[in-house]
Structure formats: structure tokens, C-alpha cells
Amino acid sequence: MTTSSSVRVGVLGLGAMGGALAGALVKAGYATTVWNRSPGKADALVEQGAEAAATARDAVRGSHVVIACLLDHASVHEVLDPLVDELAGRTLVNVTTTSPAQAREFATWAAEAGVDYLDGGIMAVPHMIGRPEASLLYSGSAEAFERCKPLLDTWGTSTYFGTDAGLASLYDLALLAGMYVMFAGFMHGAAMVAPAGVTAGEFAAMAAPWLTAMTGGFEEFAAVIDGGDYTVPGQQSLEFSDLGHIVAASAEQGIGTEVIGMVQGLIRRQIDAGHGEEGFARIIESIRQPA
Ligand code: NDP
């Protein structure tokens, strides 16, 4: 188990997120060495107690645990490939956003280099770092996660998904997919009421509690999906869920129908395939099997 007094951490990348992560480590008492490609970004952290390294190699050399928070997968390779000898035997936590395939590729790279590798995804914006509502997702080395957990917990709530290094990234992107489609739904509603003189702020005041309450339905949908039986009684049927009236009302307001039409398309495909009396959760089958 790591304690802040015994672990030296190197942070590579001091952008908005890397700077926040390094700041939380310094605040928690970790001996933190920081490095950034362009100069100047370490200054505030040094004032708080971090040590600035002149090169990425220097930051790695003095550290038990190395954190990479760079722009993308390519920049992680660009910085770490030349340091493969220095990284061997150390723990690397890469919280740079990558695709699942890129995370797995990097895990293979790390295994070949003798690096204990943990991949991470950050479900937070920088000002949330250090608070429990910042959710950080990890997968890869179980030993690295257990050993580093106290350190990782200084950033927020840590969740580990198992040894497949790609899984944290997959969850990260899947959660973001859900978020963006929800945001588009909010925008559609706001556009729909706007011609009636309703401001987006007035609509938001109604939409936020409504959508929050509706997330209570996730568990029921999940039970049906995981059970694989869309005929379970008590569900809202696909026929009942036909959104034709919402599509028509949107058109009457003179706005685009792409967002609501997309959901209607998923419903229609299942109805057209003869599943109209089955539950709404069945639209996941339209997503699983692209048209
Ligand atoms: P920034 O754009 O603020 O910082 C990017 C960092 O990457 C800088 O330190 C930059 O160095 C460095 N960098 C970029 N390219 C290279 C390179 N080729 N070689 C060396 N260093 C390089 O991004 P963030 O800090 O916001 O994001 C970092 C990671 O965290 C990203 O993967 C992002 O997706 C993820 N993330 C960010 C969130 C956010 O809200 N900001 C939320 C969740 C995840 P330099 O200063 O020299 O340009």
C-alpha cells in the first residue's frame, strides 16, 4: 500500500488536467516532480511544493509512479518511447484520453518494456479534481491499481474495471456517448420551445429535474436488456412509444427533426420487424445491429 510519505510521483504533462492532477498530489503530501514540454507551466506547482524536472527523463528517473496526462495517444508515445529503458520496473498510470484499442496497444508496449501499466479515463473537468464527484476509471494491472489506490483517490473516486487495459477507455467513451446524446436531447427541447418565446434558461429549469428523475428508468431497462426478454409484462411498448407526434410538433415549430427523428428511427425499425408490442428497451437491438 502506498502512502504519501513514501512514494515519489512524476507527472508528465501540465495542461489544464495534468496541472490539476499534480496540484492534488502536492496538496496530499506526495513528493511530486513535474515536467511539461513547454516551459512556464510548472511555476505555480513549484510554488506549492512540486519539483520541476528539466526533461521527461529526469521526472521519470526519480519517481516510483509516473503519471502521463498528455494530449493524445500519439503524444504519449512521442514522450515515452525514448524513455523505455528508464520506465522499466516502474509503475505507469496513463490518464491521457485514448481509444480502447490504443489503450490495449499501450499496455502491450508497457508489458514488453517491463512497465506495470494502468490505463485511466477521467470523468471530470479540472476544477472537480480532488473532490469525490470526480470519477476516475481504471483498467490494466491489478497490482498497480491496488498499490496506487491511495494516490489515485486524491483525485476523486477511483473505479477499477479489471485487467483488460481497454475497458476504462471503453467505459469513458460510452459514458460520454450517453452524455452527448442527452445534451442533444436538451438542445432539441430548447429549440422546440424557443419559437413560443421560452428562453433556454426557462426550459433548463424544467428539463434538469425531469431528466434527472428519468434516469431512474435505467435500472429497469437494464434488467430487461440483461434478461434478454423484451416481452416482460409492465413495460411501455414500442407501439405506445411511437414519437410521430413529437416529430410532427417539432416540424410545426419550424425546427430540425434529426435528433428526435433518430430515436424514432430506432423505434420504427423494431416495430417494422414485428416487435411493436414489446418493450421500449428493445431499441437497443436497432443500435446493436446497424441498419
Ligand atoms: P491541454 O491541451 O490543456 O494540455 C495538453 C498537454 O499535453 C500539455 O501539457 C501539452 O504540452 C502536452 N502535449 C501535447 N502534445 C504533446 C507532445 N507531442 N509532446 C509532449 N507534450 C505534449 O489538455 P488537458 O490537460 O485538458 O488534457 C490532457 C488529457 O486529459 C487529454 O487526453 C484529455 O482528453 C484528458 N481529459 C481532459 C479533461 C478536461 O476537462 N480538460 C477531461 C477529461 C480528460 P504543451 O504545454 O507543451 O503544449
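1. Which residue stands opposite Y138 in β7? G120 holds that place, and the strands concerned, β6 (residues 116-123) and β7 (residues 135-140), run antiparallel and are joined by six bridges. Strands here are DSSP runs of E with at least two residues, and helices are runs of H or I with at least four, numbered from the N terminus.

2. The model is predicted, so local features need pLDDT of at least 70 and side-chain atom pairs count only at pLDDT 80 or more, while totals for chains, interfaces and linings use all residues. Residues are numbered from 1 along each chain as its sequence is written, and side-chain values use heavy atoms, with hydrogens and water left out.

3. The open sheet has eight strands in the order β3-β2-β1-β4-β5-β6-β7-β8, with mixed pairing (two strands pair if DSSP finds at least two bridges between them). Because β3 (51-52) and β8 (157-160) stand at the edges with a single partner strand each, one side of each is left without a neighbour in the sheet.

4. Around the ligand there are 22 residues, of which M17, N36, S38, K41 and T97 come nearest (a residue is near if one of its heavy atoms lies within 4 Å). By class, this shell has eleven nonpolar, eight polar and three charged residues, with Gly counted as polar, Met as nonpolar and Lys as charged.

5. An oxygen atom of the ligand is 2.6 Å from an N or O atom in the side chain of K41; a ligand oxygen is also 3.1 Å from a polar backbone atom of L70, and one is 3.3 Å from a polar backbone atom of L14.

Notes
A polar contact is a pair of N or O atoms within 3.5 Å; within protein, one must be able to donate a hydrogen and the other to accept it, and residues adjacent in sequence count only if both atoms are side-chain atoms.
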